[in-house]
Amino acid sequence: MKLANLQSTNDKNFRRIVGVKRNTFDQMVEILTEAHKKKKAKGGRPNTLSIPEMLLMTLEYLREYRTYAHIGMSYGLAESNTFTTIKWVE
(Lines give C-alpha, C1' and ligand atoms only; values in the text may rest on other atoms or scores of the structure.)
Protein backbone atom coordinates (compact mmCIF):
# COMPACT_ATOMS: atom_id res chain seq x y z
CA MET A 1 0.00 0.00 0.00
CA LYS A 2 2.68 2.50 0.98
CA LEU A 3 4.85 1.45 -1.93
CA ALA A 4 2.02 1.93 -4.42
CA ASN A 5 1.47 5.47 -3.14
CA LEU A 6 5.17 6.26 -3.42
CA GLN A 7 5.46 4.96 -6.97
CA SER A 8 2.98 7.57 -8.17
CA THR A 9 4.93 10.50 -6.67
CA ASN A 10 7.57 12.46 -8.53
CA ASP A 11 11.29 11.86 -7.96
CA LYS A 12 11.76 14.86 -5.68
CA ASN A 13 8.99 13.81 -3.27
CA PHE A 14 10.14 10.17 -3.42
CA ARG A 15 13.60 11.20 -2.20
CA ARG A 16 12.17 13.47 0.50
CA ILE A 17 9.99 10.69 1.90
CA VAL A 18 12.22 7.63 1.46
CA GLY A 19 15.64 9.24 1.88
CA VAL A 20 17.24 7.90 -1.30
CA LYS A 21 16.77 8.59 -4.99
CA ARG A 22 14.45 6.34 -6.97
CA ASN A 23 17.40 4.96 -9.01
CA THR A 24 19.25 4.08 -5.82
CA PHE A 25 16.13 2.44 -4.40
CA ASP A 26 15.76 0.32 -7.56
CA GLN A 27 19.43 -0.73 -7.41
CA MET A 28 19.03 -1.69 -3.76
CA VAL A 29 15.98 -3.81 -4.66
CA GLU A 30 18.03 -5.64 -7.32
CA ILE A 31 20.80 -6.41 -4.83
CA LEU A 32 18.32 -7.63 -2.23
CA THR A 33 16.51 -9.76 -4.80
CA GLU A 34 19.73 -11.61 -5.62
CA ALA A 35 20.49 -12.10 -1.92
CA HIS A 36 16.93 -13.32 -1.33
CA LYS A 37 17.26 -15.91 -4.12
CA LYS A 38 20.42 -17.25 -2.50
CA LYS A 39 18.76 -17.31 0.91
CA LYS A 40 15.71 -19.21 -0.35
CA ALA A 41 17.61 -21.53 -2.74
CA LYS A 42 17.07 -24.54 -0.49
CA GLY A 43 13.46 -23.66 0.15
CA GLY A 44 11.69 -22.11 3.02
CA ARG A 45 8.57 -20.27 3.91
CA PRO A 46 7.56 -17.40 1.60
CA ASN A 47 7.87 -13.90 3.00
CA THR A 48 4.83 -11.81 3.86
CA LEU A 49 6.37 -8.66 2.41
CA SER A 50 7.89 -8.16 -1.01
CA ILE A 51 11.53 -7.10 -1.36
CA PRO A 52 10.67 -3.44 -2.06
CA GLU A 53 8.40 -3.39 1.01
CA MET A 54 11.18 -4.85 3.16
CA LEU A 55 13.56 -2.18 1.91
CA LEU A 56 11.03 0.59 2.47
CA MET A 57 10.42 -0.67 6.01
CA THR A 58 14.16 -0.63 6.72
CA LEU A 59 14.60 2.84 5.29
CA GLU A 60 11.71 4.06 7.45
CA TYR A 61 13.43 2.59 10.49
CA LEU A 62 16.75 4.22 9.65
CA ARG A 63 15.26 7.58 8.72
CA GLU A 64 12.56 8.01 11.37
CA TYR A 65 13.93 5.96 14.30
CA ARG A 66 10.54 4.38 14.94
CA THR A 67 10.36 1.34 17.20
CA TYR A 68 10.07 -2.17 15.79
CA ALA A 69 6.65 -2.52 17.37
CA HIS A 70 5.39 0.64 15.69
CA ILE A 71 6.77 -0.28 12.27
CA GLY A 72 5.49 -3.83 12.64
CA MET A 73 2.01 -2.53 13.33
CA SER A 74 2.17 -0.40 10.17
CA TYR A 75 3.12 -3.41 8.05
CA GLY A 76 1.05 -6.06 9.83
CA LEU A 77 4.03 -7.93 11.29
CA ALA A 78 5.06 -8.99 14.75
CA GLU A 79 7.84 -7.03 16.42
CA SER A 80 10.23 -9.97 16.18
CA ASN A 81 9.58 -10.42 12.44
CA THR A 82 10.12 -6.71 11.92
CA PHE A 83 13.46 -6.89 13.73
CA THR A 84 14.57 -9.94 11.73
CA THR A 85 13.59 -8.37 8.41
CA ILE A 86 15.31 -5.07 9.12
CA LYS A 87 18.51 -6.77 10.26
CA TRP A 88 18.53 -8.95 7.12
CA VAL A 89 18.12 -5.93 4.85
CA GLU A 90 20.83 -4.01 6.67
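**Figure 1. R66 and E60 form a salt bridge in which the closest N and O atoms are 2.7 Å apart.** A salt bridge is here a side-chain nitrogen of Lys or Arg within 4 Å of a carboxyl oxygen of Asp or Glu. The model is predicted, and local features therefore need pLDDT of at least 70, while side-chain atom pairs count only at pLDDT 80 or more and totals for chains, interfaces and linings use all residues. Residues are numbered from 1 along each chain as its sequence is written, and side-chain values use heavy atoms, with hydrogens and water left out. R66 is buried, with a relative accessible area of 15%, and E60 is likewise buried, at 10%, where buried means under 20% relative accessible area, exposed over 50%, and partly exposed in between (1.4 Å probe, protein chains only). R66 also forms a salt bridge with E64, the closest N and O atoms being 3.4 Å apart, and E64 counts as partly exposed at 41% relative accessibility.

**Figure 2. E90 forms a salt bridge with K87.** The closest N and O atoms of this pair are 3.1 Å apart; E90 counts as partly exposed, at 49% relative accessibility, and K87 is partly exposed as well, with a relative accessible area of 38%. Elsewhere, salt bridges that share partners join K2, E60, E64 and R66 into one network. The count of salt bridges in the model comes to five.

**Figure 3. The largest nonpolar core has 22 residues.** Such a core is a set of buried Ala, Val, Leu, Ile, Met, Phe, Trp, Tyr and Cys residues joined through side-chain atoms within 4.5 Å. The members that touch the most other members are V18, F25, L55, M57 and Y75. Two or more residues come from each of helix 1 (2-7), helix 2 (11-18), helix 3 (22-39), helix 4 (51-64), helix 5 (68-75) and helix 6, and helix 4 gives the most, with seven residues. Helices (H or I, at least four residues) are DSSP runs, numbered from the N terminus. Leaving aside its neighbours within four places in sequence, V18 is in contact (heavy atoms within 4.5 Å) with L6, F25, L56, L59 and R63.

**Figure 4. The largest pocket has a volume of about 310 Å³.** Of its 13 lining residues, P46, N47, T48, N81 and T85 are the closest to the centre of the pocket. On a 1 Å grid over the protein atoms alone, a pocket is an open set of points where a 1.4 Å probe fits, with protein on both sides within 12 Å along at least five of seven lines, and lining residues have an atom within 4 Å of a point. The volume is the space filled by probe spheres set on the points, which are joined across faces, edges and corners. Helix 6 (residues 79-89) gives the most to this lining, with four residues. By class, the lining has five nonpolar, five polar and three charged residues, where Ala, Val, Leu, Ile, Met, Phe, Trp, Tyr, Cys and Pro count as nonpolar, Asp, Glu, Lys and Arg as charged, and the others, Gly among them, as polar.

**Figure 5. Y65 lies in the loop between helix 4 and helix 5.** Although Y65 is not a glycine, it has a positive phi of about 55°, and at 69% relative accessibility Y65 counts as exposed.
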